[in-house]
Amino acid sequence: MGGIKVAAAPVSWGVFEQTDEDDPLRLGPEVMLDQMAAAGYDGTELGPPGFFGSAPVMKERLAERGLSMVGSFMPMRFSRAEHIEEDLTWMGSVLDLLEAGRPDDVMPKAILADASLEPERMRWAGQIASHPEAALPEARFGTLIDSIHRAGELARARGFDPVLHFHAGSYCETASEIERVFEALDASIVGMCLDTGHALFGGADPLRLLEDYFESVRLIHLKDCDRDLLAEVCRSGGGMSEAWDRGVFCELGLGTAGLDPFLEALEAKGYEGWMTVEQDRFLKPRDTAEALLELHTRNRQWLAARGF
């Protein structure tokens, strides 16, 4: 679709913010960027700040491959007043990197997220509705909203467009939590990053979210989700890390996310902007460089076959 460009993200290659730099399975930044370009993506998200190098190095690497810098995922402890100043200072340093390292006129999104750090949330991710003891204490909800607004205002003051990414393991995971948070947010300050996979992980319907919040949606994260596998993990008592390890976010078209109706609705509504294909994954010995290139080429071709 002419109004949509498609990006990739390092997390699809197993590179998370907390990934061990000495992981022997982890691809180097040059190889990863080569694969993104070869598979047909137009841009990438940042991944761990510094993974693609310093600002000048990143700018050169991206420009050489014709890739834009689309955004950076920035998890922060929004409901913890004692940490917010530290986290906002860190956020400013990431914005510095984005500003100096972007290779073209695309302004990256500031992708805000409540950090997935609280042990109770991580333990019961995917089944929060059955564990009210893991809910955000009421006294901290106002702090959560105020902190997200502060981060959004900081991003806007720097020329970035901030969006909130609801996320498994965070205090904005379930359908009711997503609704409550976005009803409390000022959409003129912070928009929505609609992640199809994380919506399903938390029990929300991506298509319903698109219908209800389309005017706020300013970035799409497209991922598939194997809800049968998720249910199996939940029944066994596994948490968020086990779900990731077992591949709950699967290859596009192989899960139960119902991506075709979602994409049709996205087209019908005239969405224009970036769509980042993500397949959050922990690397396994079978994930050789050749296998990863084949996988992400298939993901891109699956989407291209649908006109994107």
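## Close-up views of a predicted model

**View 1. Helices α8 and α11 meet through named side-by-side residues.** Pro 206, Leu 207 and Leu 210 of α8 are in contact with Pro 261, Phe 262, Ala 265 and Leu 266 of α11. This is a predicted model. Helix α8 covers residues 206-213, and helix α11 covers residues 259-268. Two packed helices are described by the angle between their axes and the distance between the axes. Here the angle is about 15°, and the axes lie 9 Å apart. Angles under 35 degrees count as roughly parallel, so α8 and α11 are roughly parallel to each other. Their crossing is left-handed.

**View 2. Eight strands close into a barrel.** The order is β1-β2-β3-β4-β5-β6-β7-β8, and the pairing is parallel. From one strand to the next, the twist averages 30°. Strands of a sheet pair through backbone hydrogen bonds, either parallel or antiparallel.

**View 3. Strand β4 is largely enclosed by the rest of the structure.** The strand spans residues 109-114. Six of its six residues are buried, which is why β4 counts as largely enclosed. In a regular strand the side chains alternate between the two faces of the sheet. In β4, Lys 109, Ile 111 and Ala 113 point one way. Ala 110, Leu 112 and Asp 114 point the other way. Both sets are buried.

**View 4. Strands β3 and β4 run parallel.** Strand β3 takes in residues 68-76, and six bridges join it to β4. Ser 72 has Ala 110 in β4 as its bridge partner. Helix α3, residues 84-101, belongs with these two strands: β3, α3 and β4 make a right-handed β-α-β unit.

**View 5. Strand β5 pairs with β4 and with β6.** Strand β5 is residues 161-165. Four bridges join β4 to β5, and the two run parallel. Leu 112 stands opposite Leu 164 in β5. Strand β6, residues 191-195, pairs with β5 over three bridges, again in the parallel sense. The bridge partner of His 165 is Cys 193 in β6.

Terms used
Residues are numbered from 1 along each chain as its sequence is written. This is a predicted model: local features need pLDDT of at least 70, side-chain atom pairs count only at pLDDT 80 or more; totals for chains, interfaces and linings use all residues. Side-chain values use heavy atoms; hydrogens and water are left out. Buried means under 20% relative accessible area, exposed over 50%, partly exposed in between (1.4 Å probe, protein chains only). Two strands pair if DSSP finds at least two bridges between them. A crossover is right-handed if, with the strands pointing away from the viewer, the path from the first strand over the helix to the second runs clockwise. Axes are lines fitted to C-alpha atoms, for helices over the stretch in contact, and angles run from 0 to 180 degrees between N-to-C directions. Angles under 35 degrees count as roughly parallel, over 145 as roughly antiparallel, 65 to 115 as roughly perpendicular and the rest as oblique. A crossing is left-handed if the near helix is turned anticlockwise from the far one by less than a right angle, and right-handed if clockwise. Contact means heavy atoms within 4.5 Å.
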